[in-house]
Each structure stands twice: as C-alpha cells, then as structure tokens.
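Please look over the following notes beside the sequence and the model.

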Amino acid sequence: MAQRRPLSLQARSTVAAGLALAAFLGVTGFALDKAYYDATVAAMRDRLQGYVYAYLAGSDVLRGTKLLPPETLPDPEFNRPGSGLYAVVVGESDSLRWESPSALGRELAFDTRLPVGETRFEGPVDNSVGRVFVFSQGVSWEVDERRPVNLTVHVAQSEQQFLRQVSAYRRTLVRWLGALGIVLLLLQIALLRWGLNPLRKMVRDVDNVMNGDADRLPGQYPAELAPLTSSLNELIDFGREQLDRYRNTMSDLAHSLKTPLAVLRSEIDGDSGYSNLRRSVNEQSQRMHDIVSYQLSRATASRHQVFSTPLLIESAAEGIVASLEKVYAAKRVLCEFEIDPDARFFGAQGDLMELLGNLLENAFKWASRRVLLTAHVVKTPRMRRAGLELRVEDDGPGIPPEKVEHLLQRGVRGDERVQGHGIGLAIVQDIVKGYRGSLSVHRSDALGGALFCVRFEAM
C-alpha cells in the first residue's frame, strides 16, 4: 500500500488558517447575534413602555366607571385588527376593561392586575394570537378626592414581527461574515504564497547545485532561513573539500610510491646478489608501509563535521594520558588538567583523539616533569554553539619563535636524535585547518616550556 503523501506547508497552513478563521467567525457571529438579540429585546421593551406612557397621557376615566381612550392612538397598528400590536387596560371592574381595535375579537388573556407602580416585561409568552412580548404597568388614577382608581395597562407585540427583524439581521450577518471569511482566506493564501517564496527559491537553488549549475546557494534569504542556508553551504563546501582531499591523497600516495617501486624494479633487473636484493626489498617495503600509513592518517584526519555530537574533553584526555604515562614511565611526567566542565568538541571522536594524542605525546616527549592540559569554552553572543580553546603546556626547553613555522612543516623534527617521524604536529595542523580553527605556538608562562594553543571559534 502506497504511503500517503504528506500535505505541503502551504496546504497545512491554509487548512489551519481556515479552521481558525471559521472558529473565530463562528464565535464572532454568535456574539454579534446574541448582542443584537438582547439589544432588540431591550428596544422592544422601551418601545412598549413608551406606548404605555402614551396611553396614560391621552386617556381619562369618566366618573370612575368608564375608561376614555386617547383620540389618537400611539401607533396606527393599534387600529388594524390582527396587526400584531395590541393594548389592553384592565381596571378593578369589568366596566373599566378596554382593548385596542387591533385586539377586538382576539380574546387576549391579559387579566393580570399589578400593584400600583409595578412594571413587568415578559416574552415570548403563549396567547390566543400566538407568542407575544408583553409590557405591563400598574397605575393609580385619581378620579376624585374620595378614592383613586387602580388600572393595569398591557401592551403586547407579536413575536412574528420580532423574529422577522432578527431573521433579516441574521441573514445579513451570515452574508457579510461569509464574504469576509472568503476574502480573509484568499488573503491568507496570497500571504502564504508570498511568505513561502524564499523556500521555493531555496529549492530551486539546491536543484541548481545538484545539477552542477551553481557551486553554492546564492542570494540573500530571510533571517529565519539564513542559518539553514549557511549550514547547507558549509555542508556543500565540506563535501567538496573531502572529495578534493581524497583525490589529493590518492595522487600523493601514487607519487610517493613511484620511487620505492622504481628502486625495486632496478634491483630486480640488475645483477645484485640475493642478500642485497633482500635487504633492498625490506628497506623499500618498510618505506612503502610508512608512506601508506602516513597517507591513510592524512586522509582520515580533519573531518570537519557541520552536524556532530558534542564530545567531552576530559574523558578522551584521561585515556590518552594513561597510555602516555606507560610509554614515558621512566620520565615520571605529571600531567595536570584544568578542563571546563562545559567544554565540548564538535567533531569526530577520531579527530579529537588524534588532536589530543599528538599534542600530549609531543608534550610528554619534551617535558622534564610536568605537562598541563587546559580546555576553556569560547562563547560569542548570538552563536548557535560555543567554541573551544585547548592549551597544552610543558616544562621542556620550548621552541624558539623563529623555528615555529619550520617545525610545523610535515616531516620536520625538532631534534633528529629524538625518535619520531615529524608528522604529528602536521596532522594536528591538518585537523585544525579542517575544522576552521587556529594553531599557535608560544612559550608557557606557567611552566616555561612550549605552549600549543588550539582554538575553534563559536558557530
């Protein structure tokens, strides 16, 4: 079964934005609808209360037994039967009951008598004309000085009118929110396409590098992509350097083997005796063995890794020092550590071992009694990972400044009487160069001998 292809970043962002936008517009629509509903109900209450005041202002009670309504009703709808706007006045007796023309024949169940000064707003409530909103108010009407007349005025409006008003608002709200949602979604898609253009450009640039049309990722990229493009360029450069290193190593190996092979060929073709031939073969085979070992060491060193696991310095140094103390047991050299617990080497384990091994072996070789290994963290603001500074010091004779450059050359030994091949410091240089670090040689202020300082900058 074929694995389903994952959604693109643009599709993911569009779906997420669409869901978020739908949720936002849904909540917004609900809040606006609720606010409009409440505001419409409040406006209806105020309007019905205004009708009650209008009836009270224009009405009169004749001799306390008959209610005279106003000559002009507050709204023409009160005159039209079944209009949905009704008014009913209820007194202490049936003779004081009055209904607006719109309520005639409707048998409205508005018989509630409220205490004087009390108001009540209800709705929607069921009635013979359907569900209505009702505003009621109890009043006291002074007919003469003997006894006032208590009246309750009821004004009602049909729910149908209210629902038509709310439905019209909801239709308008849905249309506008829907149109706004579509516009915002299209705008989001356009912004996403514009925002993802640098990624598309990066893909095209990577394809150009893979096709050989470009050497590196060119151009300027946004700040968020700059670290990634920088790392990719480093990775491309690293691969190219490794390829060149392998090519150069093979070329150097072939060139170095030509001379001993030519000597062997001349010995075979000549009339030299068996003993001379045997001696020559032994000498040249040992030489070729040394050449191959040297070239292999050179080929595997300086493996600068852009993405690598940080390695602890102290654990690697302890193993190397333990071995060197056995080799140089007669000298009884004391090796001290001053290693920052946060110090890390970002590279291959073999490179760290080669680096520390050659520096410490050189220090043991020339030291009188003491060797000091120091490791410090190199921190730089806004860098992704910290750098490292390694210092190896001894109390030996030291190296004169004018001879430093010469002694760092491959195959050069500080003293021909001392055993060695003169490639240890050269290997150190190759490793340091491969990791874009620096190697410097000074005189140690603490021990008086040589001081080798290796520094890898923060990245």
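Which side chains meet in a salt bridge at 3.5 Å, N to O? They are those of E118 and R120. The points below start from this pair.

1. Basis of the notes. This is a predicted model, in which local features need pLDDT of at least 70 and side-chain atom pairs count only at pLDDT 80 or more, while totals for chains, interfaces and linings use all residues. Residues are numbered from 1 along each chain as its sequence is written, and side-chain values use heavy atoms, with hydrogens and water left out.

2. E118 and R120. A salt bridge here is a side-chain nitrogen of Lys or Arg within 4 Å of a carboxyl oxygen of Asp or Glu. E118 is partly exposed at 30% relative accessibility, and R120 is partly exposed with a relative accessible area of 30%. The cut-offs are under 20% relative accessible area for buried, over 50% for exposed and in between for partly exposed (1.4 Å probe, protein chains only).

3. Salt bridges in total. The structure holds 12 salt bridges. Side chains of opposite charge can pair when their charged atoms come close.

4. K34 and D38 form a salt bridge at 2.7 Å, N to O. Both residues belong to helix α1 (residues 9–58) and are four residues apart, about one turn of the helix. Helices (H or I, at least four residues) and strands (E, at least two) are DSSP runs, numbered from the N terminus. K34 has a relative accessible area of 42% and is partly exposed; D38 is partly exposed too, with 37%.

5. A pair between two strands. The side chains of R455 and E389 form a salt bridge at 3.1 Å, N to O. R455 is in strand β14 (residues 450–456) and E389 in strand β12 (residues 387–394), so the pair ties together parts that are 66 residues apart in sequence. R455 is partly exposed at 28% relative accessibility, whereas E389, at 15%, is buried.

6. A nonpolar patch. L180, L184, L187, L191 and W194 make a nonpolar surface patch of about 510 Å². Patch residues have over 30% relative accessible area and no salt bridge; like charges are joined within 9 Å, and nonpolar side chains (Val, Leu, Ile, Met, Phe, Trp, Tyr) within 5 Å. Accessible areas come from the Shrake-Rupley method with a 1.4 Å probe, and for residues only the protein chains shown count as cover. L180 lies in helix α2 (residues 159–195) and is partly exposed at 40% relative accessibility.
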